[in-house]
Every structure is written in C-alpha cells, then in structure tokens.
Amino acid sequence: MAGRDRIVHLLRQLEKAACRCPAHSQTYHQGSGHASCGRTTDYAFEMACSNIRYGEGVTREIGMDLQNLGARNVCLMTDRNLSRLPPVTAVLDSLAKHGVAYKCYDKVRVEPTDTSFKEAIDFAKKGSFDVYVAVGGGSVIDTCKAANLYACHPEADFLDFVNAPIGRGKPITQPLKPLIAVPTTAGTGSETTGVAIFDFEALKAKTGIASRAIKPTLGMVDPLHTLHMPQRVAANSGFDVLCHALESYTALPYNLRSPCPPNPISRPAYQGSNPVSDVWSRHALHVVAKFMKRAVRDPDDLEARSNMHLASVFAGIGFGNAGVHLCHGMSYPIAGNVKTFTAKDYNVEHPIVPHGLSVVLTSPAVFTFTASMCPERHLEAAQILGADVSNAKREDAGRVLSDALRQFLYDLEVEDGLGAIGYTKEDIPALVQGTIPQERVTKLSPRSHTEEDLADLFEASLKIY
C-alpha cells in the first residue's frame with residue numbers, strides 16, 4: 001500500500017508542476033474512455049529511440065558490431081565529400097581489420113530528393129545486403145533508411161510509405177535489416193529517429209517517411225567526427241538542434257492531438273509534447289545555450305563540439321517522439337524553392353539552403369505567434385537562452401523569446417531573413433502552398449493557424465534584424 005501511495009503522491013506532484021498554460025493544462029490529467037472508441041484525441045504516448053553508443057574513437061568498434069550481427073554483405077552509404085575524410089576512413093579501417101565484406105555507395109546527395117532516394121534504393125535492391133551502415137549527416141542517414149526500407153519491400157511503390165497527403169502513409173509491417181548510423185554532424189539527430197526527409201521535386205517541398213520501423217539499430221556517436229565540420233556547417237547543424245528542442249518542447253500536448261489511433265500501429269512517431277520528451281528537449285536547449293557559440297567559432301574545441309553532438313542526440317530523442325511544428329513545416333518549401341543561394345562551406349554543385357538555416361530563419365516570427373498558447377514554456381526557453389525574464393509577463397513571452405533568438409542568430413552571423421537568401425514578398429504564396437502539405441508537423445503547433453497566418457509569418461521572416 002505504501003508503494004501505491006507513493007505513486008499517487010508522485011503523480012500529484014507532477015500535476016502540480018505541470019505547465020498551466022492553455023496548451024498544457026491537461027498534460028498530466030487522466031482521461032476517461034481510453035479505448036479508441038468514442039475518443040477524439042489520444043490518451044497515450046510511446047517512446048522509441050535507437051540504441052546509442054557514445055565515446056571518442058568509438059567508431060573503431062563497428063567492425064566487431066558487424067561481426068556480432070553475422071554480416072556477410074554490408075552496404076556502406078556516405079557522400080562524395082565525406083568519402084575522403086577521416087570518419088569514413090575510420091569505418092573502413094575497422095571493417096578491414098575484422099574482415100567484413102562491403103560495397104560502398106558514395107553518391108548520396110546533400111539535401112536529398114526523391115530522385116536521389118530512388119537511385120540509392122536501386123543500388124540497395126541490386127545488392128542483396130544484410131546490414132546497412134550510414135556514415136554522414138542527416139542526408140546520408142535518411143537516404144540509408146529509405147534504401148533499407150524499400151529494399152526490404154521490393155514490390156512497394158515509392159509513395160506507399162511517404163507521409164500523407166503527399167504519399168499514402170502506409171504502415172510498415174515487415175522487419176528491416178539492421179542499420180548502424182555514424183553521424184558526422186551535430187544537428188539532425190537522425191541516428192535516433194524513425195524519420196527520413198527528402199525534397200519532393202514535383203512540389204518543390206520537403207516531405208518524408210516517418211515510422212519507428214526505420215530507426216537505426218544503433219547510433220554510433222563519435223565526437224571526433226565533428227572536428228571535421230566547417231564553421232557554417234557546424235552553425236546550421238546546431239540551429240537544427242535548437243529548433244528541434246524548442247519546437248518539441250512547445251508542441252501541442254500528446255493528449256490533445258487527434259485522431260486517437262484505432263490501433264497502436266497507427267500512432268504516429270510525432271505524437272506531441274509529453275513528459276519524457278520534455279526532459280530531453282529542455283536539456284538539449286541548455287547544452288545548446290552553453291556550447292553552440294563555442295562549437296561554431298572554434299572547430300578545435302573538442303569539449304564544445306562533443307557536447308553539441310550529444311545535444312543533437314538529446315534533441316533527437318525529444319523531437320523524435322514529440323515532433324516539431326511550424327519552423328520545420330515552413331522550412332520545407334524554403335529549401336525546396338531555392339533559387340540561386342549557395343551556402344558558405346557546403347561543397348555542392350547545386351543551389352542549397354541548408355536545412356538548419358531554412359528552419360531557424362522563421363523562428364523569431366513563429367515563437368512570437370505560438371507564445372500565447374504556452375507562455376510559461378516560451379519564457380523558460382528564453383531564460384535558458386540567456387534572457388532576463390524576472391519582470392516578464394505572460395503576454396510578453398513571444399517578444400522575449402523572439403528577441404533572445406534574434407540575438408543568438410545575430411551573434412552567429414546568420415543571414416538577415418528570407419530576403420537575404422533570395423526570397424521576396426512575391427514568393428510568399430508559393431511558400432504558403434508548400435507548407436500546407438506538411439500537416440504531419442504543422443498540426444502539432446500549439447496554436448492553430450490559417451493560410452493568412454502562414455503568409456504573415458513568412459512576411460515577418462523576410463527580415464529578422
């Protein structure tokens with residue numbers, strides 16, 4: 001009886017500590033009718049994450065891992081830039097030392113498209129691989145997830161597993177081959193999640209595949225690999241961590257998300273903010289605030305870059321289960337409609353708005369817009385980022401957080417809004433239309449929005465300083 005009393009006591013303490021803002025006031029309340037019948041919103045959340053191994057030089061163990069898996073024919077995926085750098089060399093050395101047979105695919109596109117996904121899938125289907133290894137940033141890891149998925153479902157149409165409404169969003173019911181992810185950037189958190197993102201060229205917008213079934217078997221997080229990131233790559237990767245943490249922490253609570261799944265297999269990977277994701281997202285934000293500027297400014301600062309690598313994992317666990325919302329939903333057409341902008345430090349042959357940059361440029365406007373629904377969380381985030389909130393009122397939350405974000409971006413020399421990367425007011429209708437299909441993430445905004453609201457947010461983001 002004492003144990004039961006303690007559990008009741010802890011639940012009451014959680015309820016007292018819960019945010020009382022409009023979006024989160026019910027987060028810890030038990031609902032009635034927990035069966036799917038008769039309930040419009042969800043009543044449960046599920047935590048899923050890859051196994052994570054962290055340590056300086058831990059990549060040397062990958063050959064033994066593949067031996068332990070009984071691997072006979074490994075697919076190693078990377079991109080052409082990385083194929084000549086130490087992270088890939090470290091993996092190849094370990095594979096050679098332990099006699100692991102492999103074939104290398106180094107044609108992954110930075111910011112992949114449906115075409116580049118299909119090329120990697122074709123390679124995987126022809127190879128009959130029994131284990132996959134991805135060495136790179138989110139582009140490489142996401143491409144490898146897709147290759148594994150469709151090689152294990154050779155009869156599937158490409159759109160079968162792509163998120164609705166662009167694709168059919170079918171559940172994945174067949175087991176996949178093991179996948180080991182070796183991240184070389186500190187940003188996407190793809191080594192922890194069941195999400196693979198790509199540019200759908202026909203719509204000039206990003207979409208993706210989201211299912212716990214495609215998450216890596218193991219994420220091998222070796223901070224030594226982050227020392228090879230150029231300054232702007234480190235910055236833009238870090239902005240992805242920042243927005244993963246902020247968006248997942250301020251997302252619509254899981255028990256306000258609809259519909260309630262009729263079967264647990266239908267419960268989405270992005271479920272809304274929840275007490276477990278909150279812990280990871282909040283901690284990631286603390287790490288970003290402490291170490292990101294150092295990590296960007298000094299590529300040899302191993303402590304800072306190591307901590308940002310961990311922050312990417314922390315935020316990945318948070319947003320991989322809670323989801324993201326408007327910054328990410330709006331980022332997809334920003335990246336997909338790129339004109340001539342080429343980002344510094346990215347060795348690619350095509351125009352590119354790096355993912356983290358496309359996400360963070362709208363963040364001051366977005367969090368001004370969402371703050372009214374959960375002002376306490378917005379103020380807490382602002383405080384973590386260094387703002388003085390001692391005299392701030394609830395109605396000041398959006399302004400205080402957006403000002404903190406503007407200062408953070410200014411200190412890290414971020415371009416002055418969408419106008420600085422080639423967009424004008426005339427582009428806003430196309431950007432809005434590219435955001436509308438991103439319902440998987442935009443519906444997790446704590447504040448509902450219209451097309452007019454989206455247009456206003458894009459316009460407010462044309463210039464941020």
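User: What should helix α6 span at 1.5 Å a residue, and how far apart are its end C-alpha atoms?
Analyst: The 20 residues of α6 (residues 231–250) should span 28 Å, and the end C-alpha atoms are 29 Å apart, which agrees. The expected span is 1.5 Å times one less than the number of residues. Helices here are DSSP runs of H or I, at least four residues, and strands are runs of E, at least two, numbered from the N terminus.
User: What kind of model is this?
Analyst: A predicted one: local features need pLDDT of at least 70, side-chain atom pairs count only at pLDDT 80 or more, and totals for chains, interfaces and linings use all residues. Residues are numbered from 1 along each chain as its sequence is written, and side-chain values use heavy atoms, without hydrogens and water.
User: Is α6 mostly covered or uncovered?
Analyst: Mostly covered: 19 of its 20 residues are buried. Buried means under 20% relative accessible area, exposed over 50%, partly exposed in between (1.4 Å probe, protein chains only).
User: Switching to rings. How many aromatic pairs are there?
Analyst: The whole structure has 12. Ring centres of Phe, Tyr or Trp (its six-membered ring) must lie within 6.5 Å; planes under 30 degrees apart are stacked, over 60 edge-to-face, the rest tilted. Tyr105 and Phe123 form a tilted pair, 5.0 Å centre to centre with 45° between planes.
User: Which elements hold those two?
Analyst: Tyr105 lies in strand β3 (residues 102–105) and Phe123 in helix α4 (residues 114–127), so the pair ties together parts 18 residues apart in sequence. Tyr105 counts as buried at 6% relative accessibility. Phe123 is partly exposed at 23%.
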